[in-house]
Structures are given as C-alpha cells and as structure tokens.
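Subject: Structure for your review

Dear colleague,

Please find below the structure that I am handing over to you, with its sequence.

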Amino acid sequence: MIKKLVFTGIIISVFIFASSTRAEESRPASLPEYNLSVSFDIAASKIFGKAQIRVTAGKELIIHTEELKIIEAIADGKKIELAGKEDEKIVLQKNGIVEIVYEAEFKQSSVNMIDKKGITLRGTWYPLVEGMFVYSLKAALPEGHIAVSEANKITKSKKGDLVEFTFDFPYPLNDEDGISLIASKNFVVSKDSYYGIEIAAYLFPEEAHFAKTIIEHTKRYLKTYEKLLGRYPYKRLSIVEHFQQAGYSMPTYIFLGREDFKLPIEKTPLGHEIVHQWFGNYVYTDYDKGNWNEGLTIYFADHAYDEQQGKGWKCRRRILSNYKSYVKAAREFPLRDFTERYDLASRSIGYGKAAMVIHMLRKVAGDDLFYAAVRDFIRENKFRVASWDDIKKTFEKKTGKDLSWFFDQWINKKGTPRLSIEGVRATRSQEKFSVDFDLAQQGADFQLPVPVAFYSRGKKTTRIFTLGKDRQSFNVILPELPDEIVLDENLDLFRLLTPEEDPPTLARLASDEKKLVVLPSERKGLYREVIDIFEEKGEGIKPAYMTSGYPPRKGHAENEKQRRPGFLTKNGERKKRFFSKEMTEINDEAMKVSSLVVLGMDNPAINKLFGKTEFTKDHGSLLRVDIKKNPLNPEKVVAVVNISDNTSGRQKTAAAFEQIFEYPFYSMYYLKDGQIIKELKETQRGIRIKPDYRKLN
Ligand SMILES: [Zn+2]
C-alpha cells in the first residue's frame, strides 16, 4: 500500500523533463516550489508551521486546510483572509509568494499524530495545495529526535536547543501523495550503501539487531527489481519501524510494523513496498481514473515470489477464490473505480483482480514485450500521474496491437465470466481425430483467449481458443483421442472458479451470507467462546498479509464496523452473522442453503452430512477445525470444530481459535505443541472433463 491522502480535487499535472541516470535526475527550473518549515510542542501534541508557496500569476491555487488553524496568510505581501472553507481559492495577479502560518493539534489518529512515542504526519498536516510541487521541508525537533521524510539527502544542523532536519527531495510530488514526516527519539539508525544508494534502517532498540538482515534483504530486493523495472529512482531508501503503521511506502522510505520483525522476510511487506518505489512513488497514480499501482505491485512482488517457487497458479487460485468469496454481485465494481481498499471486497478488486489483469496482459503481449513495456511505462511516466490509459498506450505501442477490447472489458466493465466446455464429440479422419466442442461463458460477454489442454494417455497438447461471445463452437485435429480435456489449467484467466476448483477455506465460510451454527448435543459450555468468536468475526476477518493499519477513508465506516461483534442495525440492534441452532431445529433445506459450523465431533450433523467414518477422535489436539465442502451443496462449506474436553486448556484454545482467523485461506487448523498447524486442501486444477465418445464413428 502506498501513502495516499484522503481528499478529492482537481489534479493539475505538470510535464516534467528529467534525465534517466541515478545521479542526474535534474529538476526543471519552472516547477512550482513549496517550502515548509515546522516545529513542535510534543507534550501538547502541537505543530507550528510556515508554508511558502511560489505562485504563477493568474493560476488558481486551491488550498485544503482541514484541521489546520490558520494564523496568518499573506499573498503578494498583503494580508489575506482565509475563511477556513473546505477548498480555499486564491489567484495572484502577478508572480509571487503565498505565505501561510498555521498550527494544529494532532492527538491519537492513524494518519497524523504528535506524541512522546513519536511523530507521524502523513495526512493533511500542512496547507495542501492542489497540483504538483517540489517540496522543501525543514523540521526543527528537540535534541535526540531523529526524523525521516521523502529525501535524497537529509542534513542536520543545530538551532538553539533544537536540531533542524533539512530534507532534499528535488522532484515534483502529486498533491494526493504529498510529503510526510516521521520522527522518534528512540530510533537506532544503521546505514549501508548499494551502488550509490544510501540504505538506512531506523529501528527501535528492541528490533535494532535486525538492521543488518533488513538492509541485506533490501539490497537483494533492489537487485531483483532494478533488473525488471529499471534503475531505482532515488539516492536513499530507508526502512523505518513504526509503532502503529505497517506496510506503507513513500518515495525513498518504507514503514514496517513491529510484528513484521517476527516473520521471515518474505512474509513481510518489505518486497511489496520496495516495488511501490516504482509503482506509485516514481510513477504517481491518477486516482480519479482508477488506482493501477496495487495490481502491478502485487504482480511484481507477491505473485512473482510465488511464481519463482513454481506456484504462480496457486497465487492466482488464491486471488480468484478470495474474489469469489468476498466480491458478491452487489459489491462488484469496475477496476476503474478502485482508489484504495476499505474492505475485503475492494481489496479483492483493486489488488487481486488488478494483478490478474496484469497477468492476462502479459499473456497477450508475451513475456519479452511485457517486461519491456512495463519498463517503457515507468520511463515515460516518471514523476507524473499516470492511469490505466497510459498503461494501455505503452502496451499498444510496444505490441503494435489495438488493446481497446482488453482494457475496456477488464478495466471499464465489471463481470466475472464462468467458463464451461460442452458437447464434446469426435470423428475419426484418416489417422487422426477431429474433436468438436463448444466453449461457453456466463456472467460476461468478453473476449477470452482460453487455454485448453487435451490429454491422451498422459500426453498433453495445449491450444488457445479465443471465445468471443457467450457460446462458440471450436474444432481441433489431434493425433490421439483425448481422454481428458482441461480448460485454463494454470488459472491464467480472471474468471469464476468452479466449486471443484475452489478450496474449502475459512474465508469461504466467513464470507458466506448464509451461515448456520449447529450446536453440540453435549458439552455446550465448551463451545461458548467459539460461538462468540464466530459471532464477532463474520465477514470482518482479515487475511494475514493485510496487516497495515490503513486509515479508513471518509464515508467508509466499514473498517470499524467489522471489528465489532455483529452488525449494528439502524435501530441499534445487533444483527447476527451466524445463527445458532440445535440439530433438531434444522431441516434439510437449511443445511443445503447454508455454510455450516458443526460444533463437536459427536454432533449428529456429522453423521447426516458425511457418514460416521469421516472423522476420528484420536487427533490428539485440543482444538481442531476442519473445513470441507458441504456434501449437500458444493458452493457451500462445512467447518467441523472440535475442542477436547480439557478445561485447563480452555483459554489457550479460545486464543488459538481467535488466531486462526488471521489465516483464513486454509482448510484445516489444529494445535500441536502450542503451534497452530494449517493445511490447505488440494482441489482440481482447471475445469476438467472426461469426454464420453459413445457416438464415435
Ligand atoms: Zn501495496
């Protein structure tokens, strides 16, 4: 995730000419300048600032002040009145400087906070002026504080009993991204360099011993990503530990959270946030036309990592499965409307689907042209805001193809095609076989290059058939009669997974709109906490990799709501997510239309659903959660939760149960030596059919 301010406004883009080498990214003389100096009263959570904005005659300046208290504003040497409106407009008659003196109090908030624990400023903490500016920041802090901001170079100088930090970042920044500041008196700073780039780690004393590892991994990531994306654009890259925020990327620096240091590096957002240095922090995002940067970042960081391990298709299956779970029809919107995530549905669209679209673009372009086009896109759009349209333009130029159909169906439209193969028949023609079949799509009317694999006694032939309407007939001549035909075996297409392909997971259970808890026949008290936790989690579960405490966008109270047990209805009543019932109160129809939570292995529902042999009791675990397909309805799942009757372990069990919701993409969880063991059930890969050639002649 990258830093993005919460505001909407007109973005004035300025075309920038800059050379391409690391050392000489030069700054055009004509760029508008914004000088900001700030100081603090940390005990009072206050900031005092002076902004000087160089303005061209006749150009309208739109200023957002939000929580800032304007002390004085001077334009053209004359005092002006800022009325404190949402968007103040100023026009100067001749070139000159607008000076604004302000102060603000920032107590506990996720974007702006001044506290003795530290200073975080990344919301509207200075008068925000629409358009692109080259910012120059000076921050005076009490002795002992260490500050980080967007910078190619940071200099320190003593100013009375304060230390003044000067940040040199000679490139234009977009208003929505703007500049940020982080400071703490607890940072332990470690530095190194990588081919002229200063690599720094700002860690708290408890984590300071990780500095070397973090720096080494940062260098390794830079090496990998420079090969793919071109030179790293800046002269510094800092990894900053944050006590509150994690997984954020600003030009030249990255936040990691304390929790990230407990994980193996590849499980932290480090690689992802480094890729954002190119996508979002070098090429900026035109949020009004849709945020493309998460899709490209997921593809080059998270997906690429899985692909290197030969598991690219598993990453795509997870994306498609999550999409199916979280993006119910009413919550679907086209990629063009994605600005940032505010719930799991928006995440599945803006991150997941976007990454699939990049993958499909790679398939359309071919590997060599794809990577070359991505580098062109970066080069052509650096230091300016870009949109999906710019990606389209670069790819069309590079491939020489008209890609209107591609971007129109995947970016402008919503819709998730469900594929099927029907009516397979074959005729013998001399030594070969002529196989006819229909491909069909439901839920969309897209142009889909469908990879189809024909297996004959283990041997595979793959062809791509372009489906251009809801149903189309195709023919293929093969040397042998295929005994199995598989559509999209590698999950290369953005489509709705069939129930056979979609693994039974906790995510599917939690996101299901129809959930039913089947109460145990005995030992009901044992499951009290489990029922409470299910009640509380519901749809609000967060995947393990979604760790950042991103600020909720205005107008989306969703984040907060999700953490509370049950939804509060308008009348203040609690609306339950899970309905608990005794087995005797549940009829067959209810079991068929719901995803079920069956409590206890001796629950009579198990016998009814699976037969007696399905589960054994000798698993030796205090807690075990097994998620399976609902045998009565393959689109639904059943979670069998069993707790051993061990009262001393009860609290531990409840805590572990709570914890499994952090990892919702698994089918089985159990406790072993105090650790939660997780397993994912394998599923069918691709849409597979075994044709019946009874009519072969
Ligand atoms: Zn991201």
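Two strands are said to pair if DSSP finds at least two bridges between them. In this predicted model, strand S24 (residues 432–442) and S27 meet that condition, pairing in the antiparallel sense over 8 bridges. Within this pairing, Ser434 stands opposite Ile477 in S27.

Both strands belong to an open sheet of 3 strands, ordered S23-S24-S27, in which the pairing is antiparallel. Strand S23 (418–429) and strand S27 (471–478) form the edges; each has a single partner strand, so one side of each is left without a neighbour in the sheet. From one strand to the next, the twist averages 20°.

Strand S18 (residues 236–242) and strand S20 (residues 253–257) run parallel and are joined by 5 bridges, with Ser238 standing opposite Tyr253 in S20.

In soluble globular proteins, nonpolar side chains tend to be buried together. The largest nonpolar core in this model has 131 residues, of which Tyr135 and Ala147 touch the most other members. Helix H5 (residues 344–365) gives the most to this core, with 11 residues. Leaving aside residues up to four places away in sequence, Ala147 touches Ala139, Leu141, Phe165, Leu181, Ile182 and Ala183. Apart from this core lies another, of 38 residues, including Met591, Leu622, Ile627 and Ile643.

Which residues of helix H14 (residues 650–660) are buried? They are Thr653, Ala656, Phe657 and Ile660. These residues cover an arc of only 100° around the axis, which puts them on the same side of H14. The face of H14 turned away from that buried side carries the exposed residues Gln651 and Ala655.

Most residues other than glycine have a negative phi. Ser45, although not a glycine, has a positive phi of about 55°. Ser45 is found in the loop between strand S1 (33–41) and strand S2 (46–55). A residue needs 20 or more C-beta neighbours within 10 Å to be buried and 12 or fewer to be exposed; Ser45 has 19 inside 10 Å and therefore counts as partly exposed.

Asp76 likewise has a positive phi of about 55° without being a glycine. Asp76 lies in the loop between strand S4 (69–75) and strand S5 (78–80). Because Asp76 has 15 C-beta neighbours inside 10 Å, Asp76 also counts as partly exposed.

With kind regards

Terms used: Residues numbered from 1 in each chain as written. Predicted model: local features only at pLDDT ≥ 70, side-chain atom pairs only at ≥ 80, totals over all residues. Core = buried A, V, L, I, M, F, W, Y, C linked by C-beta atoms within 7 Å. Helix = DSSP H or I, 4+ residues; strand = E, 2+ residues; numbered from the N terminus. Contact = placed C-beta atoms within 7 Å. Axes fitted to C-alpha atoms, helices over the stretch in contact; angles between N-to-C directions. Arc of directions from axis to C-beta.
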